[in-house]
Amino acid sequence: MFTRLPQSFSRYLTVVLLLVGLVSQHSLVAEQTGADDISNPTRQTTLLNSDWRFELDGTIEGQDPNLDDSQWLPLRLPHTWNTEDSFDEDPGYRRNASWYRRNLVTPENLGDEHLYLRFEGVNQRAEVYVNGQLATHHVGGYTAFVCDITSLLNPTPGASNLIAVRVDNSWDPDVPPIAKINFTIYGGIYRNVHLLRVDPVHIAVNDFASPGVFIDTLLVTRKEACVRIRGLVENQDASSHDCTVINTILSPEGREVGSARTELTIPETGRSEFETTVGLQETPQLWSPDNAVLYRVKTEVLVEGIVRDLVTNDFGIRWFHFDPEQGFILNGEHLYLKGTNRHQDREGFGNALTDEQHREDLELIKQMGANFLRLGHYPQAPAVLDSADKLGLLLWEEIPVLTRISESDAFRQNSLHMLEEMIKQHFNHPSIIVWGSMNEIFLRNGDGTRSEPSEAYSAKVSKLAHDLDARIRQLDPGRVSTMAFHDSRQYDKLSMLDIPQLVAFNRYFGWYGGGLSSFGRELDRQHQAGPERPLFISEYGAGSDRRLNSIDPQRMDFTNSYQQAFAEGHLRQIKERPYLSGAAWWNQFDFGNPYNQDTIPGINQKGLMYFDRTPKDTYYLFQANFSDEPVLHIASRDWPIRIAYPSPKSNDSAEPPFEHAIKVYSNADSVELVVNGTSVGSRQPDDVCAATWKVPLQEGVNQIAAQAKFDEKIVSDEMEIESRGMPTNLAKEGDPFDALYVNVGSHVEFRDHKDHIWIPDQSYQSGGWGHVAGKPRELSAEGSRKSVDVFNTDEDPLYQSFLVGINQYRFDLPDGRYRVTLKMNDYENSDPATRVFDIKVNNEPVVENLDLAMQADKQTALVTEHVVEVSEGKGLIVDFVPVAGEPVLSGISVVRETPTIKSAGVTRSETDR
Ligand code: GCB
């Protein structure tokens, strides 16, 4: 006969048997995960990501168990319904409610144990129902929440229970973020869901969804550490319990290096706190980006000698502070914070990333050599925090209170609640050093406009800023509070720079406004104005598009060339200012940005990596500056086709060949460049690790190689760069013309999907080509040079610049048959008869009374094509004759209909059509 074992002990036995593979798991533990691994005999954590069904229509009674959901979409979490619509041409994206449902089987032997659901993140309002009854609701899309579902379950073992979750990402003035903000609020259950099974006496799981145990180091030196462990134990039994809490500290190698016992009485259906300090019985192994060692606290709760709950929590031992003159000091040593920012979304997935994808992102950042990451603008997934701890990335985490606030009390309460959730949930992560409470809060006024805020509104903002900051300091005095300030007088007026412990600036000199070199001057001014304030740059950045380049890059042109120049200029100015604690580029990855269009609709393109995580050349600039590993990269992956421009004075393509600038990013002492097998010399990279050669390239494909020696190791990089000649004298004999593509009204080269390069515009010169009259313009939103979406095309950048009031476009072509393509869009009108013009080709009317608003709506691409015979050496003349308003033109291409043998234009002509 077996005697009946105490319940917890029998669970312990089951787990041991599972480990040696003697019994099979029942269905609930099919997706076992979690930090509570093999050493945990008491609680079970099960991933509940599979077998959900989804219904877009949130107006139905989705919680009703009698509702048939067999036609709902089966899916696996994480999930969002906004992967596509934030990027299409319809303005906006779906912000509404939807339903998710899943079945949950009542486990065998549940006894008096409790079942909780834990949601890592639901954007942004959630109502959770079990068997038709509301179990909980939660607001805020970026923090976890937990609910006890035990009493709502059908208690019969094996019974089905319906879990239904209504998720709503509608705009809600009471839930931060509220403004028309610059990132997508993807709706859905977009992070993991877990089921927890715990003894009635357990470490609290729903104390702001925290781990229930809070670990910090009250005293740390190189020689010793004193660890404080606090926690909350919950008793769901109807009788009180005397229990013992045993905290054991395990070294990174798993050795026991300290422990403490605390006796506790917990009232019936109540909670009790414990707090203990443990001196480490070894010289502490300090956590840092170079040595990300994690200690572990094992917390056991025993009643009458039997373990009723056990949890483990990792932590790190380190100390730090920010100094106004010396910057950031970690474990007594200066550490410059080499930083970047991260939004969590990714191409094709929206915000619904798997843990593996989150980890990949953090690894990419670590490989770049960064040691600091700002999680802008919201708390991120547990996988992110865990990876940062393990990889050694210092973190700034913040709540999404940005751009503006709502004046309602609910907004204020929700902000404070989110802050507490964030801090309590992530308290034990050694990676976190800074808590952020607000970002650019005066970017817009309370009503969403950019006008001067009222005094009443300003006072509310200031009050909330003070309250959030005070709450940070109260909840976590071991870390530092911060806010990100943009360029606004309001902060000075309200003395807001004196609120946080770390003052951080978002500055975009050389992008949204101001000159590149003003950046450093502004920092010096701030440093002088508040010499007692430690300073950090929380954002600086410029956007780029792999299709755009220029030999004359300019502010906000989205060329790779400008992004590189901008980043180099900033890195230089940052390096020159040792009082700065560090700086974080905005942003590591391109991200979803539904309102402010750059050159790709719906995407903020300031990433060092594209939305799909392909690195831009600029990624390697940062890697060369940040990393201690050898870095060598020919910075032209996004500019593989170069145009050999003739000298502007020349009317003759026999001029000396155009010299192309080839840049290499490297942290080597010296780099050698080899072009088509011949060395063009060695160079020492400059103060920001860039070395540039001017080299003539041969027409067609060139082999470019760079190599450098790192100690005894030779590192090399190579790529092909194609050079395409561009004759000035189009009709010149022996240099027959094939095709020309012109990005009208722009100084930028645009590479289309067939690799045609739409070259910068110019005014007409005899023997050559160009426009006659017209004012260059760019599509812009809100008075800045930011672009706006052009519909019916994915060649937005081509249409975003144009000539207004153009009279004529001329090409002095040799005789032959050509296809002429014109690209246009009306950038300002949707009313008929406001912009009407005729188009004539060599005096023949080809389009009459072209009313752009009638043919295509405002900001919609319109293409016309015409085949024309050029004869008698007269060349090609396209006239734009105004009937009403001014004619506009965005792009023009001329392609010879019968390809010549030699390709002399700027394209491989026969692939054109
Ligand atoms: C900022 C904001 C950030 C934007 C960024 C930009 O200052 O804090 O949310 O995405 O500028 O790219 O405009």
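Buried means under 20% relative accessible area, exposed over 50%, and partly exposed in between, with a 1.4 Å probe and protein chains only. The model is predicted: local features need pLDDT of at least 70, side-chain atom pairs count only at pLDDT 80 or more, and totals for chains, interfaces and linings use all residues. Residues are numbered from 1 along each chain as its sequence is written, and side-chain values use heavy atoms, with hydrogens and water left out.

**View 1. Asn 843, a non-glycine residue with positive phi.** Asn 843 counts as exposed, because its relative accessibility is 58%. Its phi is about 75°. The residue sits in the loop that runs between β51 (836-841) and β52 (844-851). Strands here are DSSP runs of E with at least two residues, helices are runs of H or I with at least four, and both are numbered from the N terminus.

**View 2. Phe 558, another residue with positive phi that is not a glycine.** For Phe 558 phi is about 65°. The loop holding Phe 558 lies between β31 (548-549) and α8 (560-575). With a relative accessibility of 1%, Phe 558 counts as buried.

**View 3. The cis peptide bond from Pro 176 to Pro 177.** Omega of this bond is near 5°. Pro 177 belongs to the loop between β10 (160-168) and β11 (188-189).

**View 4. The cis peptide bond from Trp 586 to Asn 587.** Here omega is near 15°. Asn 587 is part of the loop between β32 (580-585) and β33 (591-592).

**View 5. Leu 219 in strand β14.** The strand covers residues 213-220. Leu 219 counts as partly exposed, at 40% relative accessibility. Apart from neighbours within four places in sequence, Leu 219 is in contact (heavy atoms within 4.5 Å) with Glu 224, Ala 225 and Cys 226. Gly 279 is 60 residues from Leu 219 in sequence, and their C-alpha atoms are 9.3 Å apart.

**View 6. The chain around these sites, with 11 helices and 56 strands.** The radius of gyration, taken over C-alpha atoms, is 32 Å, close to the 29 Å that the globule rule (2.2 Å times the number of residues to the power 0.38) gives for 913 residues, so the chain is as compact as a globular protein of that length. Of the 913 residues, 62% count as buried. The C-alpha atoms fill a box of roughly 110 × 65 × 65 Å along the principal axes.
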